[in-house]
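Please open the structure in your viewer and keep the selection panel at hand. The stops below say what to select and what is found there.

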There are 2 protein chains.
Amino acid sequence: MAERAGVSQSTVSRALAGSTAITVATRDRVLAAAKELDYMVDTRAARLRKGSTGTLAVVVICRPGEMASDINPFYFSLLGSVCAAASKQDIETIVSFQSKEEEFFGRYEDRGQADGLIVIGTTSNHAAWEHFRALSDDHATAFWGSPYEDLDWIRSDNYEGGILATRRLIDAGCRDIVHIGATGSPQLQFHERYEGFLAAMDEAGLEPHFVEIDGALDRDAQGRKAVSDLLDRKQPFDGIFAVCDSIALGALNELRNRNVDVPSQCSLIGFDGIMAGNHTRPPLSTIEPDFDVAGAMLVQTVLEKQDEANIKRRVPVRLLDRGSARSL
Amino acid sequence: MAERAGVSQSTVSRALAGSTAITVATRDRVLAAAKELDYMVDTRAARLRKGSTGTLAVVVICRPGEMASDINPFYFSLLGSVCAAASKQDIETIVSFQSKEEEFFGRYEDRGQADGLIVIGTTSNHAAWEHFRALSDDHATAFWGSPYEDLDWIRSDNYEGGILATRRLIDAGCRDIVHIGATGSPQLQFHERYEGFLAAMDEAGLEPHFVEIDGALDRDAQGRKAVSDLLDRKQPFDGIFAVCDSIALGALNELRNRNVDVPSQCSLIGFDGIMAGNHTRPPLSTIEPDFDVAGAMLVQTVLEKQDEANIKRRVPVRLLDRGSARSL
DNA sequence: CTGAAAGCGCTTACAG
DNA sequence: CTGAAAGCGCTTACAG
């Protein structure tokens, strides 16, 4: 390659790296030769010499025993956004799905495989979060979904989302509004949504109602059971704010099974903006985080470890009014 | 590291690599030292020396202009399976989502970043497939979704799936069965499903009916429009086999809008097994490929380029009877 | 502005 | 069974 362009190896390297200390003429000559020989820089060698890898590792935490193919679609969308955000900065992403204790691994930096680690996924896999928490001290990390306050985290603006959803229900004329969620759970995200709900109810002078989800069940079953419990209580309700879409989908189904029409008899709003909500009847109204921003924030957080104080951690959310909340 | 264990660098390398030409005693000593120093082999250097990377590149092709976060969930599941299958063989995966012509890139091998390339994603992005087709000559590749017969491909057993779905409809007592799909399209996968449909109808001595999808619309709208067209034709029908789930979901919605009850008045079966079908009313019956096998086959295909003849290319499918086809 | 040389951290013939 | 040495393909001080 060097001899084809009639220059030294160093010059080739500099020309290809776009160094300014190079004549335009020689650069062009090198570029032409590279094209002709279909030459590409070997990143292994470049990285070895440079020290950095130009790569981020992304770990997706699954529920124990869950296959990669049936992960909550929310995390798939998030994964896509992270990869896209990295790609925009010419950073590669190496991704892995991890669920079992034996396979937890995040030390990509130690092996020279990545410059940082992004961990996203279900809050429920505690063993996993504990494992990755330990890495956050001496590794560049960013987390989404961690149950621990102390980790570097990025989250939806859950509080604001809770308010948006609840206000929308109130605006729809609902007065007996129930929150299906986990009011005292370690799921920080859930807790924040709950607090937003409380604030909006308080603001409107309405009394908040709750159904606690049953941790033993899967999300869909949690939603069904919550509605079932609610109806059995014979307590009137005309609006539901479900803490996440998968639960909302279960709730919606149970409402229909029990002949409660949505939205005419009960308005329903979820949280997450998963695509499945587009295909229900009625389509599920929901709070959706800005995925592009989410991906960008995660990437930025890992890369700019220095000024920790300035890291923006709240991903803005918006109401997706798809039809499960009554219109006035 | 070497001096800590009191041996040479070569010995450390051999011990860590599990070479048999090493005393158990020295190996243990090295391992102990490694643990103590929290030492990990730098893969950049190892790869540079060894030549191979232990990594596969996975490119997910999106529709032009589509964001990574709203890709057909089928491909997300497939992506998960590929990563899981690679992981099982201790292979890393670097993944990227590509949609626009300017960003097409698959020469990871040339840059020493991967040993092979797996491309999956929407058939509809022709520019993308043409780009990657060109790479298949001198790169280790495997494709899912390519419109080209000549590429190394892995696909669902679409023909068998078409038969399974159609037979199920026939068993449900349907006689006027309509296939919503693309009978003469370049979408090989769709064409194969269509042929399965034809075969099963022929086997039962029934006359097949069709509605062609409108290429200009998105999947959901295609399904709606197909049902709408069908009803306008006033041609009686009691069963629908939709060529993919996203189309089936649109069809299901339109059927409900037009007050055709599923499954009592019309049975409906889709193809792909996407999770959104779990949340519709009724849940969507579908043909699901074995995702684990799909991931494993793709990985194996890239790695074992040598005996091309023996590559298994058909991923088995099964009927997921979720409720949109009448039970007898 | 360009070249000759050193060195990134490994693995692997080559000796012994 | 183990060590000394070469070399993987780059980048980057160091000279000029």
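Begin by selecting Arg111(A) and Glu92(B): these two residues form a salt bridge, with their closest N and O atoms 3.0 Å apart. A salt bridge here is a side-chain nitrogen of Lys or Arg within 4 Å of a carboxyl oxygen of Asp or Glu. Between chain B and chain A the count is four salt bridges.

Before the next stop, note that this is a predicted model, in which local features need pLDDT of at least 70, side-chain atom pairs count only at pLDDT 80 or more, and totals for chains, interfaces and linings use all residues. Residues are numbered from 1 along each chain as its sequence is written, chains are lettered from A and ligands numbered from 1 in the order in which they are written, and side-chain values use heavy atoms, with hydrogens and water left out.

**The interface**

Next, display both chains. In contact (heavy atoms within 4.5 Å) are 50 residues of chain B and 49 residues of chain A. The two chains bury about 4,400 Å² between them, 56% of it on carbon and sulfur atoms; buried area is the accessible area (1.4 Å probe) that two parts lose on being put together, summed over both.

Now select, in chain B, helix H4 (43–50), helix H5 (73–88), strand E2 (92–98), helix H10 (245–257) and helix H11 (291–303), each of which supplies at least two residues of the side that touches chain A. Helices (H or I, at least four residues) and strands (E, at least two) are DSSP runs, numbered from the N terminus. Which element gives the most to this side of chain B? H5(B) does, with eight residues.

**The two copies**

**Loops of chain A**

Most residues other than glycine have a negative phi, and most peptide bonds are trans. Select the loop between helix H10 (245–257) and strand E9 (267–271) of chain A, where Pro263(A) lies. A cis peptide bond joins Val262(A) to Pro263(A), with omega about 5 degrees. Asn259(A) is also placed in the loop between H10 and E9, and its phi is positive, near 65 degrees.

Finally, select Pro282(A), in the loop between E9 and strand E10 (285–289) of chain A. The peptide bond from Arg281(A) to Pro282(A) is cis, with omega near -10 degrees.
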